[in-house]
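Student: I have just opened this structure and would like to understand the words used for it. Could we go through them together?

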There are 2 protein chains.
Amino acid sequence: MPRSTRDRPAKAPLSKDAIVDAGMQVLREDGIDAVTMRRVAGVLDTGAASLYVYVANADELKQVIFDRVVAEVPMPNVDAEDWRDEMRTLGRNTVEVLDRYPGIASIAIAHIPTGDNAMRLVNAMIGLLLAGGVPEASAAWAADVVNLYITAAAYENFIRARMDVDQDEEIEEIAEHFRTRAAAYPNVQRVAWAMFAGEGTERFDFGLDLMINGLLTTPAPVHPSGS
Amino acid sequence: MPRSTRDRPAKAPLSKDAIVDAGMQVLREDGIDAVTMRRVAGVLDTGAASLYVYVANADELKQVIFDRVVAEVPMPNVDAEDWRDEMRTLGRNTVEVLDRYPGIASIAIAHIPTGDNAMRLVNAMIGLLLAGGVPEASAAWAADVVNLYITAAAYENFIRARMDVDQDEEIEEIAEHFRTRAAAYPNVQRVAWAMFAGEGTERFDFGLDLMINGLLTTPAPVHPSGS
DNA sequence: ACCTGAACACCGTTCAAGT
DNA sequence: ACCTGAACACCGTTCAAGT
């Protein structure tokens with residue numbers, strides 16, 4: 001038998017799963033922007049064209065990868081004693097998982113997630129709201145809004161982390177802009193002490209609390225087909 | 001004199017302003033994804049390399065364009081009788097402006113806006129909150145969260161609009177997925193009647209109300225340097 | 001100093017040709 | 001049916017050469 005088949009593992013057969021696995025690997029290593037058809041194909045020792053047998057296009061691949069990531073978010077307990085606390089935990093857990101995969105949140109921003117894992121999580125979130133006595137219409141819309149907030153927050157974490165790496169350039173420019181023009185933004189200046197204070201999770205929790213607490217005092221949206 | 005200098009207007013000299021103008025034109029016509037260095041340079045009858053004299057890179061150009069767009073948002077009246085109503089108007093106005101420039105919201109998601117117009121708007125928003133009696137720390141964080149929400153909402157509008165154009169494909173797939181797997185998502189099914197109901201502005205207002213109302217009942221974040 | 005064309009190192013996607 | 005290399009039509013950015 002020829003050496004080549006023994007020296008390195010035989011090229012595994014292509015499959016959608018294998019492609020997604022390769023994509024996950026690239027994502028973990030170099031972030032979502034590195035997940036290109038060519039790069040993923042490279043991991044599998046083939047050319048980009050070969051992937052199109054299993055995946056419609058680059059976009060579909062990324063959406064499938066996103067749903068794989070969502071699978072790692074622990075399901076909330078719909079029968080929890082304190083539904084608001086459980087909502088906070090769910091939000092925090094989701095951001096935590098998204099933070100492990102650099103830039104993945106951008107996928108959820110670019111396409112409303114419809115994968116099975118994402119759907120099951122939304123289903124659980126709505127269940128939590130309904131169990132808490134939130135009206136159906138409010139629950140539907142609130143789930144939408146909260147998910148928008150969660151993904152936006154996770155993406156902002158990514159941006160901030162990337163900025164910390166590029167540091168010098170951008171951060172110094174912003175600081176400089178602030179110093180020289182502070183007089184033009186008196187209110188910003190007045191609250192500046194709080195602006196960049198606190199942990200990221202603290203700020204995230206505050207935003208989530210705004211929504212959860214708001215649910216208790218915001219009337220359910222009226223709707224033509226609602227009674 | 002040679003004809004060529006009379007037949008078509010003489011090539012205007014390059015300048016940062018001219019480049020941004022050209023970028024705005026492309027943005028209006030074909031959306032932010034069409035705003036590439038090559039395309040913008042094409043409008044100005046030159047090559048992409050020429051732009052680098054006035055602009056550091058493609059990213060900077062897009063951020064400047066974003067700030068141009070923000071200039072169109074009407075400034076809120078900080079002395080308004082009802083600050084909550086003024087907040088709602090500000091939010092709605094911002095989304096309205098962003099909606100006029102396809103995909104521009106993605107820029108604000110990818111980089112926290114620091115342009116002069118964006119800063120003046122944030123300054124006004126914080127002023128509105130402070131005038132309403134919101135504590136400094138809450139105002140600082142709430143402005144952050146609300147802006148995150150505004151840009152995310154505007155970007156989702158863009159996504160939805162683009163989906164309506166591509167229609168057939170994606171929308172039918174999602175509907176099919178819903179039909180066949182509805183049993184797996186009972187809560188989603190239960191509130192589905194509300195999910196896609198209502199105007200986009202109605203949903204947006206609801207989310208904004210959640211935050212505004214939440215501000216009245218959410219304690220100001222405690223902070224080490226705060227008293 | 002400003003402008004340029006050509007080149008480099010990438011993209012996604014298609015397609016004819018192979019197995 | 002599956003896989004492939006080459007090609008097409010794009011990107012952003014750099015750089016030597018011109019004015």
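Tutor: Gladly! Let us start with buried area, which is the accessible area (1.4 Å probe) that two parts lose on being put together, summed over both. Note that this is a predicted model, where local features need pLDDT of at least 70, side-chain atom pairs count only at pLDDT 80 or more, and totals for chains, interfaces and linings use all residues. Residues are numbered from 1 along each chain as its sequence is written, chains are lettered from A in the order in which they are written, and side-chain values use heavy atoms, without hydrogens and water.

Student: What is the area buried between chain A and chain B?

Tutor: About 6100 Å² is buried between chain A and chain B, and carbon and sulfur atoms give 69% of that area. With contact meaning heavy atoms within 4.5 Å, 65 residues of chain A are in contact with 65 residues of chain B.

Student: Why are the copies said to meet through the same surface?

Tutor: Because 100% of the interface residues of chain A are also interface residues in chain B, the copies meet through the same surface.

Student: Why are the two copies said to be related as by a two-fold rotation axis?

Tutor: The copies are superposed by least squares on the C-alpha atoms of residues with pLDDT of at least 70 in both. A rotation of 180 degrees, with 0.0 Å of shift along its axis, superposes chain A on chain B with RMSD 0.0 Å. The two copies are therefore related as by a two-fold rotation axis. In chain A, Gly214(A) has the C-alpha nearest the axis, 1.9 Å from it.

Student: How confident is the predictor in chain A?

Tutor: On the pLDDT scale, the predictor's confidence in each residue from 0 to 100, chain A has a mean of 89, and 89% of its residues reach 70 or more. Over residues 1–8 of chain A, pLDDT stays under 50. Where pLDDT is low, the predicted coordinates should not be read in detail.
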